[in-house]
Amino acid sequence: MIRKGFARLSPRALKQVHGNLVVKGIASRLQPLRDLLLACVASFHGSMDYARKVFDGIPHPDLFMHNVMVRGYAHGGAPAEAFSLYRLIEVARLRPDAFTFCYLLRACAGLSGSRSGYQVHGAVLKLGLLKDAFIRNTLINMHAKCGDLQVASTLLDEAGEGDVVAWSAIIAGHAASGDLDIARKFFDDCRHKDLVCWNVMVAAYAKHGEMEKARELINCAPEKDVVSWNTIITGYAVKGMLKEALEVLDEMNCDGWMPDEATIVSLLSCCANLGSLETGRMVHFLHLEGRPVSIILGNALISMYAKCGDVQAAMEVFSRMKERDVWTWNSVIGGLAFHGQAEQSIQFFEKMLEAGMYPNAVSFLCVLGACSHAGLVEEGQRYFSLMKYRYMIEPTARHYSCIVDMLGRAGLLDEAFAVLSCMRCEPSAVIWRTLLGACRIHGNAALGKLARERLLKMNEDASGDYVMLSGIYASSGEWFGVETVRGSMDERGVIKVAGYAQVDEKIAYRSAL
DNA sequence: CTAGGGTTAG
């Protein structure tokens, strides 16, 4: 009676079904539990939390159930959890099958540069599963995605000419490593191109900003689907070409295609980055009222409204969402911080912790940004420690940049330098430049000189740093320093637009007076 | 319950 149809139920209804199974005492029979698990993985829009609760409540889950969980984690971008479930399969002394390895290899494809892909490859060989075309193609995809195109090509030879799935995986792999010409060569050599194959090549151009080539190719395609159109729209969207993206939306409409969630999400992100609230609202209306709002769509909506300044609309979307993930919270925290609403941003960070959500590196970047913006030095330092010592998140150059900026704005230049000095990674040019800027504002010529020297050593286009440094010397009354800097500018042949240099010097003059 | 394509936060 409850065999089929779970997948169409809402999360709430699923919880009821789960409860009924328990009450009626049939929660120990296999098939209803398999169906329930499948439905949980399918119905909670990528969140595996509830499925995991159900799974953990099953006394002796079979291989099928383990596989469903591995699949859920692998598709949901949680490779570590996929592997931990694989370990449970071993602990339960179950024998993993081709399904298990397909999912596991998919998880590996998301772990670029890791050895785990080779380990799974080894296990596949050991179990003699390589003759399975699904396994082989997933292996090709994994190696191609992780950059080992040598191994991928060898496997392609075994797959032969007719296997278009293997070919598209190779094309995507070359595109991912930036070799568009080689990708195109494989595309041209592919004998039995299908729709996916065309879309892979179009996406390769679009991802690298080659929109003319992407358009040219899609115009030659024998058929298109909603993914083909979304590929083009996303290409324009990431370049900030909103007008062009919207024109493609019209074009796909004329061709008889309705925008789907991916279309809307892409357009929203473009509107968010450009601050185009009116267009963002219009795009929001493309999503039909009454249709479920997935986590990704909700996140994109929050981000768009928050960044465009309509905080109330962002909060409405947030409060209507049934399930939230760390991206949801980060979108709110980051959106508020971006828009200068630091206090609110910090409030939401605290609410996120209260809700039991585990913050990640981006969460801290957002809240540190808010602290820096509002000059809340103590709070910022507290969050920085929380991140390092409680959540054990290693700060990236961006986090340091935030902290240095925060301390620098407050005039705590020595503290800023101290943080920068004990960084585990090499300080980036951005960080030195941040310090340099703070030195100029607060007139610390000695530290500014040091920062400038480090910047020059980094051997990149540093024309902005020369100008900034001339500001430092000027603001602390060391006019001789200005001459020296401008002299070395000429020697090294750094070209700086005169207007900018003049404006900068005027500011320096003013702060010196 | 299996393979290749498009979608979110900094």
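This report describes the helices, the nonpolar core and selected residues of a predicted model.

## Overall composition

Chain A of this predicted model contains 30 helices and 0 strands. Of its 513 residues, 49% are buried.

Contacts between residues that lie at least 6 apart in sequence were also sorted by separation along the chain. Of these contacts in chain A, 58% join residues at least 24 apart.

## The nonpolar core

The largest nonpolar core comprises 158 residues. Within this core, Leu37, Phe101 and Leu435 are the residues with the most contacts. Helix H6, which spans residues 98-109, supplies the largest share of the core, namely 9 residues.

The surroundings of Phe101 can be listed in detail. When residues up to four places away in sequence are left out, Phe101 touches Tyr86, Pro96, Val120, Ala123, Val124, Leu127, Leu129 and Ile135.

## Helices H9 and H10

Helix H9 covers residues 149-159 and helix H10 covers residues 164-176; their axes come within 10 Å and cross at roughly 160 degrees. An angle over 145 degrees counts as roughly antiparallel, and H9 and H10 are therefore roughly antiparallel to each other. The crossing in which H9 passes H10 is left-handed.

On the H9 side, the contact is made by Leu149, Ala152, Ser153, Leu156 and Ala159. On the H10 side, Ala166, Trp167, Ile170, Gly173 and His174 take part. Sorted by class, the contact of H9 with H10 consists of 7 nonpolar and 3 polar residues, with no charged residues.

## Helices H18 and H19

H18 passes H19 in a crossing that is left-handed.

From H18, the residues Gly298, Leu301, Ile302, Tyr305 and Ala306 meet Val311, Ala313, Ala314, Val317 and Phe318 of H19. The contact of H18 with H19 divides into 9 nonpolar residues and 1 polar residue, and no charged residues are present.

## Basic residues within helices

Arg215 is placed in helix H13, which runs over residues 211-220. With a relative accessible area of 18%, Arg215 is buried, because buried means under 20% relative accessible area. Leaving aside residues up to four places away in sequence, Arg215 touches Ile232, Tyr236, Val248 and Glu251. Arg452 lies in helix H27, residues 445-457, and counts as buried at 13% relative accessibility. The C-alpha atoms of Arg452 and Gly280 are 42 Å apart in space, and these residues are 172 residues apart in sequence.

Lys388 is found in helix H23. At 24% relative accessibility, Lys388 counts as partly exposed. Its contacts, not counting residues up to four places away in sequence, are with Ile393 and Pro395. Lys388 and Ala361 are separated by 27 residues in sequence and by 10.0 Å in space, C-alpha to C-alpha.

## Positive phi values in loops

Arg93 is not a glycine, yet its phi is positive, at about 55 degrees. This residue, Arg93, is placed in the loop between helix H5 (79-91) and H6. Arg93 counts as exposed, with 79% relative accessibility.

Met392 also has a positive phi in a residue other than glycine, with a value near 50 degrees. Met392 belongs to the loop between helix H23 (377-390) and helix H24 (397-409). Its relative accessible area is 65%, and Met392 is exposed.

How values were computed. Residues numbered from 1 in each chain as written. Chains lettered and ligands numbered in written order. Predicted model: local features only at pLDDT ≥ 70, side-chain atom pairs only at ≥ 80, totals over all residues. Heavy atoms only, no water. Axes fitted to C-alpha atoms, helices over the stretch in contact; angles between N-to-C directions. Helix = DSSP H or I, 4+ residues; strand = E, 2+ residues; numbered from the N terminus. Parallel < 35°, antiparallel > 145°, perpendicular 65-115°, else oblique. Left-handed = near helix turned anticlockwise from the far one by under 90°. Contact = heavy atoms within 4.5 Å. Nonpolar A, V, L, I, M, F, W, Y, C, P; charged D, E, K, R; others polar. Core = buried A, V, L, I, M, F, W, Y, C linked by side-chain atoms within 4.5 Å. Buried < 20%, exposed > 50% of the residue type's maximum accessible area, 1.4 Å probe, protein only.
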